[in-house]
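I opened the notebook to record what I looked up in this structure. The entries follow in the order in which I made them.

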Amino acid sequence: MEQPVYAIGDVHGCRALLALALDAIRQDADVLGKAPKIILLGDVIDRGEDSAGVLDDLTRVSREKMPTVVLGNHERMMLSFLRDPLKAWDWLQQGGFETLRSYGLVLSPTEKPNARRLMQMLQAHIPDHHIDWLQGLAHGYRLQVNAKTYVLTHAGLDAARPVEAQSEAAVLWGHNVSPEYPGLCMVQGHIVVDRPLLSDCLIRIDTGAHVSGRLSVLRLSDGRPPSVMSFGGKTL
């Protein structure tokens with residue numbers, strides 16, 4: 001692996017924390033003398049104050065410099081809402097209200113508007129390129145560092161299935177995920193931990209940015225053990 005890899009935990013609309021982490025990642029990679037490969041572990045939206053701003057930042061850079069983002073369950077919920085909002089109305093209670101508000105659109109969680117009017121409102125407030133970008137997110141990312149295989153997903157892997165045949169229920173929602181997967185190390189967000197968990201078979205780095213004010217980042221680099229950096233809140 002030529003590039004150091006930096007995996008960022010669940011951002012959940014915390015735009016300022018993401019900007020802080022990205023700046024620090026680039027500085028760290030400069031010290032190593034190599035361009036960074038940046039991967040976000042999903043749930044970049046919802047709950048926090050500026051999901052629209054997060055998507056602006058992630059889609060603004062050139063495709064060559066654009067971070068890789070894996071699909072999280074909150075991105076899936078948003079896409080379901082945009083496709084059929086009345087059917088997926090519960091998303092508003094899961095952080096969708098805050099996301100729509102960041103676009104300048106305020107809906108009542110209890111009062112559903114006319115379906116046609118609602119679709120018009122969504123189309124007027126949410127840029128098409130944000131939706132296209134969300135629809136293009138991958139379910140995971142595999143890489144090898146120091147002769148060890150890492151698979152990065154939002155919520156983990158089901159050891160009863162091949163890596164290439166995982167269900168969305170597992171990789172997005174954590175259903176039937178396993179504590180370890182033979183022959184590799186799973187890197188995931190989704191489950192909030194007080195401190196990042198680093199073991200030989202499992203790494204968790206979601207430190208609840210929207211609640212704790214702390215965003216954690218895993219660094220994987222040739223010739224170095226996995227390490228974690230933390231931004232905002234309490235320094236680890």
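How many helices and strands does the secondary structure of the protein chain come to? I recorded eight helices and 10 strands, where helices (H or I, at least four residues) and strands (E, at least two) are DSSP runs numbered from the N terminus.

I noted that this is a predicted model, in which local features need pLDDT of at least 70, side-chain atom pairs count only at pLDDT 80 or more, and totals for chains, interfaces and linings use all residues. Residues are numbered from 1 along each chain as its sequence is written, and side-chain values use heavy atoms, with hydrogens and water left out.

Overall dimensions: I found that the C-alpha trace of the protein chain spans about 60 × 40 × 35 Å along its principal axes.

Burial: I read that 49% of the 236 residues of the protein chain count as buried (buried is under 20% relative accessible area, exposed over 50%, partly exposed in between, with a 1.4 Å probe and protein chains only).

Backbone: I then looked up two non-glycine residues with positive phi. Asn146 has a phi near 50° and lies in the loop between strand 4 (141-145) and strand 5 (148-152). Asn146 counts as partly exposed because its relative accessibility is 41%. Asn176 has a phi of about 60° and is found in the loop between helix 7 (168-171) and strand 6 (185-192).
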